[in-house]
Every structure is written in structure tokens, then in C-alpha cells.
Amino acid sequence: MANFLKENLLTMLVGTWFIHSTNFPMWLKDDKVNPTFNYSAVSNKEGVLLDEVNYLKNGKEKSIVGFDTQDPKDTTAFVWRGKGLLHLLKSKWKVALLDDSGQWAVIWFSKTLFTPDGVDIISRTPSLSPDIIRQIKSKMEQDST
């Protein structure tokens, strides 16, 4: 069962995700817009995703690239480690909620030396209705009690 969940979650995460709600300071500034998370499987490493964060800064496309390694004890948890010069940086994150159809998710990320902890609501589509956002936030409140 654990292997099924591990592989299933990795498969469900692969692809592009759009951020709809966040408290991450980098996305709350006006100079970085339209962020997306782009996950792809790393064929030679089990339980690892290539993680590309793309965004626009002053009209130019920028990216942050790293690898997400799934925690074998908690398959909803990952450790991100930067690629290249960012290899020294790492952070922990977790899929806190996932829509049964894989169309939206809530991810929690831990505090690092450079960032506070926080939460993102992400989806497969560039827009979510206000009603869906309210439903997700209601589920978040239910899970925190």
C-alpha cells in the first residue's frame, strides 16, 4: 500500500501547477508574477522529481530549479534541494491536501534560513472559481482542527 501511495502521488504531481493562494513572500511582491511549479519524474532516481519554478520578473521569464526527494516514511513529504549553485539550499514541503481527481492541492512548506513557513493552494488550471477556493480553505480549516 505504501508503494502504491508513493508512486501514485508522484504520478499525480507530475505536470504544471498554478499558484492561486499563498502567503509566500516571494509571490506577494509585485515584481514576480505568474509563478508555476513544474514537476517531472527523474527516470534514474526512484522517488525524485525535477522541480522547476517559473515566473516573470520585469517581463522576463526566470526559473528556480531543484530536486524533490520523497520521504520514504511519509510519502506526502519531500525535501527540495536546489540544482547548481542552489545545491546548498534545501527546504521541506508536504502535500497537505490533494483533490481526488488531482486538479488541485494544498502544499505546506517549512521555514528555511531565507523564508518563513507557509501554504500554497495550487491547481492544474490558471484559474479557480472563488467557490472552489472557499471549499479548499474550508477543508484546510477542518484538517487543522
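Which residue in strand 2 is the bridge partner of Thr16? The bridge partner of Thr16 is Asn38. This briefing describes a predicted model. The protein chain contains three helices and eight strands, and its elements follow the order α-β-α-β-β-β-β-β-β-β-α from the N terminus on.

**Overall form**

- The radius of gyration of the protein chain is 15 Å, which agrees with the value near 15 Å for a compact globule because that is what the rule gives for 145 residues.
- The C-alpha trace spans about 45 × 40 × 25 Å along its principal axes.
- Of the 145 residues in the protein chain, 37% count as buried.
- Among contacts between residues at least 6 apart in sequence, 38% join residues that are at least 24 apart.

**Strand pairing**

- Strand 1 (residues 15-22) and strand 2 run antiparallel and are joined by four bridges.
- Strand 1 also pairs with strand 8 in the antiparallel sense, over four bridges; in strand 8, Ser123 stands opposite Phe18.
- Strand 7 and strand 8 run antiparallel and are joined by six bridges, and Val106 stands opposite Ile121 of strand 8.
- Strand 8 is largely enclosed by the rest of the structure, because five of its six residues are buried.
- Strand 2 and strand 3 (residues 48-57) run antiparallel with eight bridges between them; Phe37 stands opposite Val53 in strand 3.
- The hairpin of strand 2 and strand 3 has six residues between the strands, and in this hairpin Gly47 takes a positive phi near 75°.
- In a regular strand, side chains alternate between the two faces of the sheet.

**Aromatic residues**

- The count of aromatic pairs comes to six.
- Phe24 and Trp27 form a tilted pair, because their ring centres are 6.1 Å apart and their planes meet at 55°.
- Both Phe24 and Trp27 are buried.
- Tyr39 and Trp93 form a stacked pair, because their ring centres lie 5.8 Å apart and their planes are at 15°.
- This second pair links distant parts of the chain: Tyr39 belongs to strand 2 (residues 32-41) and Trp93 to strand 6 (residues 90-98), 54 residues apart.
- Tyr39 is buried, and Trp93 is buried as well.
- One aromatic cluster is formed by Phe24, Trp27, Tyr55 and Phe109.
- The ring of Phe67 has the charged end of Lys45 over it, 5.7 Å from the ring centre.

**The loop residue Ser110**

- Where is Ser110 found? Ser110 is in the loop between strand 7 (104-109) and strand 8 (118-123).
- Is Ser110 buried or exposed? Ser110 counts as buried, because its relative accessibility is 13% and the cut-off for a buried residue is under 20%.
- Leaving aside residues up to four places away in sequence, Ser110 touches Ser91, Lys92, Thr115, Pro116 and Asp117.

Technical notes: Residues are numbered from 1 along each chain as its sequence is written. This is a predicted model: local features need pLDDT of at least 70, side-chain atom pairs count only at pLDDT 80 or more; totals for chains, interfaces and linings use all residues. Side-chain values use heavy atoms; hydrogens and water are left out. Helices (H or I, at least four residues) and strands (E, at least two) are DSSP runs, numbered from the N terminus. Buried means under 20% relative accessible area, exposed over 50%, partly exposed in between (1.4 Å probe, protein chains only). Contact means heavy atoms within 4.5 Å. Rings of Phe, Tyr and Trp (its six-membered ring) pair if their centres lie within 6.5 Å; planes under 30 degrees apart count as stacked, over 60 as edge-to-face and the rest as tilted. A charge sits over a ring if NZ of Lys or CZ of Arg is within 6 Å of the ring centre and within 35 degrees of the ring normal. The radius of gyration is taken over C-alpha atoms; the globule rule is 2.2 Å times the number of residues to the power 0.38. Two strands pair if DSSP finds at least two bridges between them.
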